[in-house]
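Here are some notes to read alongside the model. Keep the viewer open and find each residue as it comes up.

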Amino acid sequence: MQIDPRGPRFAAVLTSLVLAAVLITGSGPLLALQTAVFALGAFAGLRYSPYGWLYRVLVRPRLGPPTETEDARPPRFAQSVGFGFAAIGTAGYLTGQTWLGLVATAFALGAAFLNAAFDYCLGCEAYLLLARARSRTTAPTS
């Protein structure tokens with residue numbers, strides 16, 4: 001499936017804002033909501049993510065069609081990585097291990113901010129590295 005590459009960047013902006021709010025407030029429930037957003041994007045698909053819906057309904061009609069599209073698999077993988085960090089952070093906050101919540105949320109925020117500010121998706125790059133490594137190990141030898 002091909003997607004508009006501006007959508008994941010828009011989602012990264014919203015994600016960065018939510019994660020920054022979590023770090024400022026220490027809100028485990030807010031991080032749990034962001035974890036659900038990551039889960040929808042990763043496991044149901046980017047089109048089912050609330051941020052993807054907001055982009056399609058509110059932003060994209062004002063921008064016009066994209067000049068190019070990209071494969072949805074790397075951003076979906078990035079959402080699954082975000083889900084992992086957010087789930088660990090949520091568990092930390094909700095069990096009183098605030099340090100774990102802070103660290104996991106900070107890592108997720110760092111990755112989201114890189115995408116939002118510099119259009120550099122760490123999870124996408126990790127997906128591509130893993131795909132290359134997998135293709136090398138499964139390539140037939142002569």
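At 23% relative accessibility, how does F10 count: buried, partly exposed or exposed? Keep in mind that this is a predicted model.

1. F10 counts as partly exposed, because its relative accessibility is 23%. Buried would require a value under 20%.

2. Now look for aromatic pairs. A search of the whole structure finds five of them. One of these joins F10 and Y55. The ring centres are 5.8 Å apart, and the planes are at 45 degrees, a tilted pair. F10 sits in helix 1 (residues 6-25) and Y55 in helix 3 (residues 50-63). The two residues are 45 residues apart, so the pair links distant parts of the chain. Y55 has 5% relative accessibility and therefore counts as buried.

3. F77 and Y127 form a tilted pair, because their planes are at 55 degrees, with ring centres 5.8 Å apart. F77 lies in helix 4 and Y127 in helix 6, so this pair ties together parts 50 residues apart in sequence. F77 counts as partly exposed at 25% relative accessibility. Y127 counts as buried at 17%.

4. Next, the helices themselves. Helix 4 (residues 73-94) packs on helix 6 (residues 122-138) at about 115 degrees, with the axes 7 Å apart. The two helices are therefore roughly perpendicular. Their crossing is right-handed.

5. Finally, the contact. On the helix 4 side are R73, P74, P75, F77 and A78. They meet G123, C124, A126, Y127, L128 and L130 of helix 6. By class, this contact has nine nonpolar residues, one polar and one charged.

Technical notes. Residues are numbered from 1 along each chain as its sequence is written. This is a predicted model: local features need pLDDT of at least 70, side-chain atom pairs count only at pLDDT 80 or more; totals for chains, interfaces and linings use all residues. Side-chain values use heavy atoms; hydrogens and water are left out. Axes are lines fitted to C-alpha atoms, for helices over the stretch in contact, and angles run from 0 to 180 degrees between N-to-C directions. Helices (H or I, at least four residues) and strands (E, at least two) are DSSP runs, numbered from the N terminus. Angles under 35 degrees count as roughly parallel, over 145 as roughly antiparallel, 65 to 115 as roughly perpendicular and the rest as oblique. A crossing is left-handed if the near helix is turned anticlockwise from the far one by less than a right angle, and right-handed if clockwise. Contact means heavy atoms within 4.5 Å. Ala, Val, Leu, Ile, Met, Phe, Trp, Tyr, Cys and Pro count as nonpolar, Asp, Glu, Lys and Arg as charged, and the others, Gly among them, as polar. Rings of Phe, Tyr and Trp (its six-membered ring) pair if their centres lie within 6.5 Å; planes under 30 degrees apart count as stacked, over 60 as edge-to-face and the rest as tilted. Buried means under 20% relative accessible area, exposed over 50%, partly exposed in between (1.4 Å probe, protein chains only).
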